[in-house]
Amino acid sequence: MQAAIRSFVSGGNVVRASLLQHLRVINPASQPSVFGSRSESTQPSRMEEHGFESTTISDVMKAKGKSADGSWLWCTTDDTVYDAVKSVGRYDNPEENPFFLDNIPQSIFPTHKYPQALYPKASSVNINKRLWDVYFKELLRSFVKPGDDGNYASTAASDLACLQAISRRIHYGKFVAEVKFSDAPHDYEPAIRSKDTEALMKLLTFEKVEEMVKKRVEKKAETFGQEVKCVSGDEESEKNYKVDPSLVSRIYGEWLIPLTKDVEVEYLLRRLD
């Protein structure tokens, strides 16, 4: 799919003109403004010279006389046109869930036909609004220091990447719930019919598995999150981590796992609709 998109995007002036005609941004006033305008202006001739793999969305917007103050959560104004085009239509993928349900862009490419893995009337479960609040009001405080370093653009880009990754992870709960229900529908049907969320939560909870997940992510953080130093002797035993591994485990235990199970419960409540 990636190779096909790359070939299509580099297919000549007709495709380039079509992309420039269709690429647009929503009204910045209707969404959070997370990026400032770029200082240099870019003309269409420069875009032709640089190509779409180095031209940014901001460049396209400036060439069209648009403001570069806003962004979607499917791409940012600092994304290249090639990367942004790959993202258009991302919410056709059942693994992706939008943060803002209005003004979702239509793909300008034929979309992939994804298999129907989820129950149609339950597939629309989306708790991203709640995730947004949890992330900015609770989760961030656990791993960032208070203050202002002035790096607003890179900070916003990192926040968006984190939000999208966390959203994808917790909404996998829909697939998990479907598998659990399909394996033992008679175990879940009484609780679903009576709308008993507590009973559903008990059925979905496996404490040993959750503990194993927390230990595994902590071990991964220890292994892949340590600062690498080329030293020898006693100094080698002193390890510094980019993020405290125990904090990663805590984030899973206090936020990611509970939110995932909330998605599972919401999905199951609609499973018999």
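Colleague: Where does K195 lie?

Modeller: K195 lies in the loop between α9 (185–193) and α10 (197–204). Helices here are DSSP runs of H or I with at least four residues, strands are runs of E with at least two, and both are numbered from the N terminus. This is a predicted model, in which local features need pLDDT of at least 70 and side-chain atom pairs count only at pLDDT 80 or more, while totals for chains, interfaces and linings use all residues. Residues are numbered from 1 along each chain as its sequence is written, and side-chain values use heavy atoms, with hydrogens and water left out.

The phi angle of K195 is near 55°, a positive value in a residue other than glycine. Most residues other than glycine have a negative phi. K195 is partly exposed, because its relative accessible area is 49%. Buried means under 20% relative accessible area, exposed means over 50%, and partly exposed is in between (1.4 Å probe, protein chains only).

Of its 273 residues, 37% are buried. Among contacts (heavy atoms within 4.5 Å) with a separation of 6 or more, 73% join residues 24 or more positions apart. The accessible surface comes to about 16,400 Å², and 51% of it belongs to carbon and sulfur atoms; such areas come from the Shrake-Rupley method with a 1.4 Å probe.

Helix α11 (residues 207–224) has 18 residues and reaches 26 Å from its first C-alpha to its last, close to the 26 Å expected at 1.5 Å a residue. The expected span is 1.5 Å times one less than the number of residues. Its buried residues are E210, V213, V217 and A221. Seen down the axis of α11, these buried residues fall within an arc of 70°, so they line one face of the helix; the arc is that of the directions from the helix axis to the C-beta atoms. Helices α7 and α12 (245–269) are included in what covers them. On the face of α11 turned away from the buried side are the exposed residues K208, K215 and K219.

Helix α11 also holds M212, which counts as partly exposed because its relative accessibility is 47%. Together with F206 and V209, M212 makes a nonpolar surface patch of about 290 Å². Patches are made of residues with over 30% relative accessible area and no salt bridge, with like charges joined within 9 Å and nonpolar side chains (Val, Leu, Ile, Met, Phe, Trp, Tyr) within 5 Å.

A salt bridge is a side-chain nitrogen of Lys or Arg within 4 Å of a carboxyl oxygen of Asp or Glu, and by this rule the count comes to eight. One of them joins E211 and K214 at 2.9 Å, N to O. Because they are three residues apart in helix α11, E211 and K214 are separated by about one helical turn. An α-helix has 3.6 residues a turn, so residues three or four places apart point the same way. In helix α12, E254 and R250 are four residues apart, and so they too are separated by about one helical turn; their side chains meet in a salt bridge of 2.9 Å, N to O.

R168 is partly exposed because its relative accessibility is 25%, whereas E96 is buried, at 16%.

Helix α7 (residues 152–171) also contains Q164, which is buried because its relative accessible area is 17%. The C-alpha atoms of Q164 and N128, 36 residues apart along the chain, are separated by 9.3 Å.

N128 is one of the buried residues of α6, along with L131, V134, Y135 and L139. These residues cover an arc of only 110° around the axis, which puts them on the same side of α6. They pack against α7 and α12, while exposed K129 and K137 are on the face of α6 turned away from the buried side. Helix α6 has 12 residues but its end C-alpha atoms are only 14 Å apart, short of the 16 Å that a straight helix would reach at 1.5 Å a residue.
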